[in-house]
Structures are given as structure tokens and as C-alpha cells.
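Here is a short report on a single protein model.

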Amino acid sequence: MTRIAAVHGVLPPHAYEQHEITDALAAMGLVREEERGVLDRLHATSTVRTRRLALPLERYATLNGFGQANDAFIEAALELGERAVRAALDEAGLRPADVDLVISTSVTGIAAPSIEARLAGRLGLRADVRRVPIFGLGCVAGAAGIARLHDYLRGRPDGVAVLLSVELCSLTLQRTDASAANLVAGSLFGDGAAAVGAVGAEHPSRRPDDGPVVTATRSRLYPGTERLLGWDIVDSGFQILLGAELPELVRRHLGPEVHAFLADHDLKPQDVAAWVCHPGGPKILEAVRETLDLPARALELTWRSLAEVGNLSSASVLHILRDTLALRPPLPGTPGLLLAMGPGFCSELVLLRW
């Protein structure tokens, strides 16, 4: 089985209170003066208190088009990505030359060569390292990335694999889009990165206390939901799709999906010792809790992450996994479930055992 040897999350240096971001968006003309109350209400009810941004707040008003925003994405992604991967490998007791596979994911910028290719020389990765850059999975990619690491390491049990997620959601800002979806996104999303170091079952450096093992995964697409979450690519960049029906979709599909997945492994939700859940937003988290009949404490680390840094897209669930490992590691032998949802509409489930 794949063992998660280390998880390291990083954040950009520019920290702001939620009200500072609200004021800045209003000053950029995102809403008309008579609509300012709507913006204030959305930001207040998001439960987000602070966020980190790739750029100083005043820089966003000066970005002129998608090209400049994407250039800023590449520059910041390289800096954050290098920090995250180096720290994860150090914590796992691994060298860059040990890495056989690196998966990188982002849905907030485009780079060719991809981010992990640009980092390979800086990090000291081998010239024959396998690379899988992923675009389009959105918020689900942190969970899906771990699942794909597991797929690879099952076939290469002596191998080492790294997942890198870099999401700079602030750089997708659409200053002329006053749609409800864009206003909600502007109240929730923040910037950050994370890296996971994992080793196969036969890797010589594997230690019993290295971290949880991945025991099973499940991917699921829900047909007819393609326009409920994702991007429209427009002249100014990424324009958010964020359907109001998403919490109801979670209630309708996630509960049966999780129950069936756990039952396949002779488990029930009450057997799960750690819930590592992506923080889609307050309504999504309430829907998750209700459909799985979870106690409030089960998602406490997820709620805390949402409040402290916002929704980091694919990097969020990795930050929450890091917090679980550091702050509330379950007892040895107990199961945990890592889950996220994203464009498609889809879900990804990863069964862990400590």
C-alpha cells in the first residue's frame, strides 16, 4: 500500500482580513455602489476571516488582461511550488533524486513547459523523472492526485512519488463580472500550495510511523452536471461557473457514494476516525455534514482552514490533511476518509488507514 510520508502546505506572504479584500473589490468597481450591500453580505456569510494572496492587494487593479495575470501566476507558482516540494521531501527524509514520479496540478493558471518541468532543474529532480501535469480537475485534484500517486505506486512498490498543487485563485479575478457566481467566488477563494511525498510498500526508507497508508480510492462523475462548476474561458481569462444547485447535488449523491464505498471495505461512517474534507464553502460543508450525519467536530479542521485561508481549490484538502497529521492524528489502525468534489461534477474518495 502507498504510504503518505509527508504533507507540506505553503502560503504566499500577503495576508489580508476579509473586510480589506471586500473593500478592494468594491474599489475596483466589481459592483455598483447600490449593490455594495450584496457584496458585504456575501463576504460576511462566507465564514472566511483572512486570506493570503499571491500579489499585494493594490496590484490586482493594475493587471491588464489574462497575459499579465498568467505571467504573475507562473512567477508565484514556481516560488511556492519549490518551497512546498523541498519541505515535503525533507520531512519525508527523501532526496529530489529519489523521486520517480511528480504529478502537478492547478486550475488557476497555464504553463508550458508545465510548473513541475520548470522546477525540475531547480529542485534537482532526475532527468528521467516521470511527469504528469494535470489541468481541469479543480478542487477535486488534491484528492485525485493522491489517488493517482497510489495507482502508480501500486505498480512500482519500491518507488517515490510527489504531488504538487499550486492554486492562485486571486489571479483569476474578473473585475467586470458582477454575476452571483463571481461574487461568491470572490468571497471564498484564496491562494496557496501544497506538496505530498509518498512511497510504495517496498521502498527501503519506509518506516512504520511515516504516516497513513492509502488502502482504496474511488472516482465518480455525475452525468448532466458539467455546467455547474468550472470555467468559461473568455478574453479576460477564467470566468467562474458556480451553480447554486451544488449543495443539493452533494446531498443527493455524496451520502450514497460514501456509504457504498465504505461498505465495500466493511466500514460505516461512524467507524471513520478522521474526515479530511475539502472546504467548498459553508453551504457545501453543511450539506456534507447533513448527508453523512456527522457530528460537528468531524469537520472542525475543515471549517478552521476555510476561516483562516479560504478555499484554496485543490490545495485545500492537502492543507487539511497536513493539519490532521499534525494536530489530530487518529489512533494506529483506524480509518480515515479524504474527500473532495470538483468540476465534472465529480467526487473523489481516498480511504486511509493510520
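A residue counts as exposed when its relative accessible area is over 50%, and as buried when that area is under 20%. The model discussed here is predicted. Take Ala27, which sits in helix 1. Its relative accessible area is 70%, so Ala27 is exposed. Ala315 lies 288 residues away from Ala27 along the chain, and their C-alpha atoms are 29 Å apart.

**Overall dimensions**

The protein has ten helices and 13 strands. A compact globule of 354 residues would have a radius of gyration near 20 Å; the protein has 19 Å, so the two agree. Along the principal axes, the C-alpha atoms fill a box of roughly 60 × 45 × 35 Å. The exposed surface comes to about 14500 Å², with 53% of it supplied by carbon and sulfur atoms. Of the 354 residues, 57% count as buried.

Contacts reach across the sequence. Among those with a separation of 6 or more, 81% join residues 24 or more positions apart. Charges are next. There are 35 positive and 42 negative ones, and their mean positions are 3 Å apart.

**Nonpolar cores**

In soluble globular proteins, nonpolar side chains tend to be buried together. The largest nonpolar core here has 49 residues. Within this core, Tyr60, Ile115, Leu164, Leu168 and Leu171 touch the most other members.

Another core lies apart from it, with 38 residues, among them Val48, Ile284, Leu294 and Leu306.

Which residues does Leu168 touch, beyond those up to four places away in sequence? They are Ala54, Phe73, Ala76, Ala77, Leu80, Thr108, Asp191 and Gly192.

**An enclosed helix**

Helix 6 spans residues 180–188. Seven of its nine residues are buried, so helix 6 is largely enclosed by the rest of the structure. The buried residues of helix 6 are Ala181, Asn182, Leu183, Ala185, Gly186, Ser187 and Leu188. Their cover includes helix 1, helix 2 (36–45), helix 8 (282–292) and helix 9 (300–309). Strand 3 (50–53) and strand 10 (237–242) also belong to this cover.

Note on methods. Residues are numbered from 1 along each chain as its sequence is written. This is a predicted model: local features need pLDDT of at least 70, side-chain atom pairs count only at pLDDT 80 or more; totals for chains, interfaces and linings use all residues. Side-chain values use heavy atoms; hydrogens and water are left out. Helices (H or I, at least four residues) and strands (E, at least two) are DSSP runs, numbered from the N terminus. The radius of gyration is taken over C-alpha atoms; the globule rule is 2.2 Å times the number of residues to the power 0.38. Buried means under 20% relative accessible area, exposed over 50%, partly exposed in between (1.4 Å probe, protein chains only). Contact means heavy atoms within 4.5 Å. Accessible areas come from the Shrake-Rupley method with a 1.4 Å probe; for residues, only the protein chains shown count as cover. Lys and Arg count as positive and Asp and Glu as negative; His and the chain ends are not counted. The place of a charge is taken as NZ of Lys, CZ of Arg, CG of Asp or CD of Glu. A nonpolar core is a set of buried Ala, Val, Leu, Ile, Met, Phe, Trp, Tyr and Cys residues joined through side-chain atoms within 4.5 Å.
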